[in-house]
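The following exercises concern a single protein structure.

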Amino acid sequence: MRIFDPHIHMTSRTTDDYERMAAAGVRAVVEPAFWLGQPRTSVASFVDYFDSLIGWEPFRAGQFGVRHHATVALNPKEANDPRCRPVLDLLPRYLDKDGVVAVGEIGYDSMTPDEDAAFAGQLALAVAHDLPALVHTPHRDKARGVERTLAVVAESGIEPGRVLVDHLNEITVKLVRDTGCWLGFSIYPETKMSPPRMVELLKTYGTERMLVNSAADWGHSDPLLTRATGEAMLLAGFTEDDVDRVLWRNPVEFYGQSGKLDLSDVDAPAPTFAGNSILRGGS
């Protein structure tokens, strides 16, 4: 089973996670820029963070043969902080970087006017830079948030097929299904979706434009729940080809629209990076 996790926050995970993921069949990941758990106080902190997403994390993943890409954006939660909004002027510098395969996470947290402006502005950046968009849907009042999200996407002029609407569930999947957007589902130990629930949705709606991710971060999450979902699909009667479509070909197709998805030699042995100090126990 080959797995492409299309939404996982490896900045918050350990190298042990990379090792476990590689052993479970995870060969590629996309790491979206997100809120780190406490307020950032300046634009400079975003510069360091974005630099890490396109530099350090690909190196760290590569030690275990995992191909790492990123999406870059001002996340919805911090769009409400006036100290962070100048990040919008910084984004074009990063959207042109190799390995940045979408604008994201963008969308809504509390559905404020500031979030409206940041969301619309970053969809415009996606169009201008010919990139797909990864859209976060709010954890509170999700159905209304998804409806509002789809309205802004429609107003933006971006092609729906270049938009991934994430963190969906049984209530919101119907809202997105017929729009032409891609559908993302986050599998969590307790909240969001579970492997059995995801299997039921796949039975109902099929595998087209459906993406499954772990969205693993600082909280209670599990980067191996993509694998668990694939195993649950097989037990439910889905074919290996069905599993490969959901866990590999669909994310490859979506992010491949960026023209910057590099999966060449993804099956090759992991490089050694013998000269790097972190491998010698240094700092």
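The model is predicted, so local features need pLDDT of at least 70 and side-chain atom pairs count only at pLDDT 80 or more, whereas totals for chains, interfaces and linings use all residues. Residues are numbered from 1 along each chain as its sequence is written, and side-chain values use heavy atoms, with hydrogens and water left out.

**Exercise 1. Surroundings of Arg67**

Determine where Arg67 lies and which residues it is in contact with.

Step 1. Arg67 belongs to strand 3, residues 67-72; strands (E, at least two residues) and helices (H or I, at least four) are DSSP runs numbered from the N terminus.

Step 2. The relative accessible area of Arg67 is 21%, so this residue is partly exposed. Buried means under 20%, exposed over 50%, and partly exposed in between, with a 1.4 Å probe and protein chains only.

Step 3. Contact means heavy atoms within 4.5 Å. With neighbours within four places in sequence set aside, Arg67 is in contact with Arg27, Ala28, Val29, Asp262, Leu263, Ser264, Asp265 and Val266.

Step 4. From its side chain, Arg67 reaches the backbone oxygen of Ser264 at 2.7 Å.

**Exercise 2. An aromatic pair**

Classify the ring pair formed by Phe254 and Tyr255.

Step 1. Rings of Phe, Tyr and Trp (its six-membered ring) pair if their centres lie within 6.5 Å; planes under 30 degrees apart count as stacked, over 60 as edge-to-face and the rest as tilted. The structure holds 10 aromatic pairs.

Step 2. The ring centres of Phe254 and Tyr255 are 5.0 Å apart and the planes stand at 75 degrees, so the pair is edge-to-face.

Step 3. Phe254 and Tyr255 are both buried. Ring pairs also link these two with Phe4, Trp182 and Trp248 in a cluster.

**Exercise 3. Backbone exceptions**

Locate a cis peptide bond and two positive phi values in residues other than glycine.

Step 1. Most residues other than glycine have a negative phi, and most peptide bonds are trans.

Step 2. Gly104 and Glu105 are joined by a cis peptide bond, with omega about -5 degrees. Glu105 is placed in strand 4, residues 100-107.

Step 3. Met111 has a positive phi of about 60 degrees and lies in the loop between strand 4 and helix 5 (113-128). Its relative accessible area is 10%, so Met111 is buried.

Step 4. His167 has a positive phi near 60 degrees. The loop that holds His167 runs between strand 6 (163-165) and helix 7 (173-177). At a relative accessible area of 6%, His167 is buried.

Technical notes. Polar contact = N/O pair within 3.5 Å; in protein donor to acceptor, adjacent residues only side chain to side chain.
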